[in-house]
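The following paragraphs give a guided reading of one protein model and its ligand. Please keep the coordinates at hand while reading.

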Amino acid sequence: MEANNVNQGLSPMNKPLIEMENITKRFKVRDGSMFTALDRVSLQVGYGEFFSIIGPSGCGKTTLLKIIDGLVPTDEGSVIIQGKEISTPGPDRAVVFQDFALMPWATTLKNVAFPLEIKGSPATEVSTLASKYIELVGLGDFADHYPHELSGGMQQRVGLARALVAEPTILLMDEPFGSLDAQTRRELQNELLTIWKASGQGTVVFVTHSMDEAVYLSDKIVIMSTRPGRIHEELIIDLPRPRSEATRKDSKYVELVEYVWNVLKILAHPDEPPIKSDTQ
Ligand SMILES: Nc1ncnc2c1ncn2[C@@H]1O[C@H](COP(=O)(O)OP(=O)(O)OP(=O)(O)O)[C@@H](O)[C@H]1O
Ligand SMILES: [Mg+2]
């Protein structure tokens, strides 16, 4: 991870890791008619890329993530991962949800070990890998704690460790820090970059509502428009890595956040002139 240039995100065969071509998704609504949630969405995510999706509520971000995970089928278009079309979840992908989705009756260790147990990994491997990722997210002293004994930030770390433990090629994150306070959120943003680099794993597809979070973390951002959900714009974030708190003061960072803020504002209120934001 920590690629400086998204063009480095191609495999030796010069192919991106994820290719989505003309994805259309419709849902049946209560009156029996069909609602188009995603309309001909095409995007490519490179190997090692930190790729964020931002857009108004209801533009189809979660649906898109579920399609990449193989949980939701498309009506049209295909998802190609590492050269193969996917239609079901696979061990190459793991998801971190906004609401942590931990098992309340299980300890940190049991929650993190769960994906490996499902996979039928040998007990020694389960315990070694679960402990490794619990340490990596800084919860070494909390392995035998239950979720209700942990803070929101700690619970989200458990969710992250559980996603990393099966060592997926692609980490899918759906507003993982959305319910955390601003300070914890910033700390976890920094930790995510550190942990992801330390874990030696590849690619993150990250859904967020926060423009500063998207700019801070990403190599590339897609901005979506809504009704129907479409890709409005792709933006390359060529801020140097490693990113740090100093990045947040970088004038280029501030400009990029403001740019995304204005694009989203124009999408929401197309008739109003763009104005300067306070970048928050
Ligand atoms: N299973 C479903 N049945 C019917 N409509 C659905 C279903 N899932 C999603 N939708 C609709 O598809 C649209 C996109 O939903 P989605 O959850 O992907 O949006 P989102 O961009 O993640 O929104 P948010 O930012 O609020 O999380 C919404 O209008 C939603 O009501
Ligand atoms: Mg969503």
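Which residues surround ligand 1? The shell consists of F27, A37, S57, G58, C59, G60, K61, T62 and T63, where a residue is near a molecule or strand if its C-beta atom, placed from the backbone, lies within 6 Å of it. Before going further, note that this is a predicted model, in which local features need pLDDT of at least 70 and side-chain atom pairs count only at pLDDT 80 or more, while totals for chains, interfaces and linings use all residues. Residues are numbered from 1 along each chain as its sequence is written, and chains are lettered from A and ligands numbered from 1 in the order in which they are written.

Helix 1 (residues 61-69) supplies the largest share of the shell around ligand 1, namely 3 residues. Helices (H or I, at least four residues) and strands (E, at least two) are DSSP runs, numbered from the N terminus. By class, the shell holds 3 nonpolar, 5 polar and 1 charged residues; here Ala, Val, Leu, Ile, Met, Phe, Trp, Tyr, Cys and Pro count as nonpolar, Asp, Glu, Lys and Arg as charged, and the others, Gly among them, as polar.

Strand 1 (residues 18-28) pairs with strand 2 in the antiparallel sense over 8 bridges; two strands pair if DSSP finds at least two bridges between them. Further along this pairing, R26 stands opposite T36, and K28 has M34 as its bridge partner. The hairpin of the two strands has 5 residues between them, and within it G32 takes a positive phi near 95°. Strand 1 also pairs with strand 4 (residues 76-81), again in the antiparallel sense, over 5 bridges, and E21 stands opposite S78 there.

How many strands form the open sheet, and in what order? There are 4 strands in the order 2-1-4-5, with antiparallel pairing. Strand 2 and strand 5 (84-85) stand at the edges, each with a single partner strand, so one side of each is left without a neighbour in the sheet.

Strand 2 (residues 34-45) contains V41. V41 counts as buried because 25 other C-beta atoms lie within 10 Å; a residue is buried if 20 or more other C-beta atoms lie within 10 Å of its own, exposed if 12 or fewer, and partly exposed in between, with C-beta atoms placed from the backbone. Leaving out residues up to four places away in sequence, V41 touches M20, I23, L64, G229, R230 and I231, a contact being a pair of C-beta atoms, placed from the backbone, within 7 Å. V41 and I231 are 190 residues apart along the chain, yet their C-alpha atoms are separated by 6.1 Å.

Most residues other than glycine have a negative phi, and most peptide bonds are trans. R40, in strand 2, is not a glycine but has a positive phi of about 50°; R40 is partly exposed because it has 15 C-beta neighbours inside 10 Å. R227 likewise has a positive phi, near 55°, and is partly exposed, with 13 other C-beta atoms within 10 Å. The peptide bond from R227 to P228 is cis, with omega near 0°, and P228 lies in the loop between strand 9 (220-225) and strand 10 (230-236). A cis peptide bond also joins R241 and P242, with omega about 0°; P242 is found in the loop between strand 10 and helix 7 (251-268).

What remains is the interior. In soluble globular proteins, nonpolar side chains tend to be buried together. The largest nonpolar core has 75 residues, and those with the most contacts inside it are V112, A130, Y133, A161, L172, V205 and V260. Such a core is a set of buried Ala, Val, Leu, Ile, Met, Phe, Trp, Tyr and Cys residues joined through C-beta atoms within 7 Å. Apart from its neighbours within four places in sequence, V112 is in contact with A130, Y133, I134, V158, A161, R162 and V165.

V158 and A161 are among the buried residues of helix 4, a helix in which 10 of 13 residues are buried. At 1.5 Å a residue, the 13 residues of helix 4 (residues 152-164) should span 18 Å, and the end C-alpha atoms are 18 Å apart, which agrees; the expected span is 1.5 Å times one less than the number of residues.

Conventions: Two residues are in contact if their C-beta atoms, placed from the backbone, lie within 7 Å.
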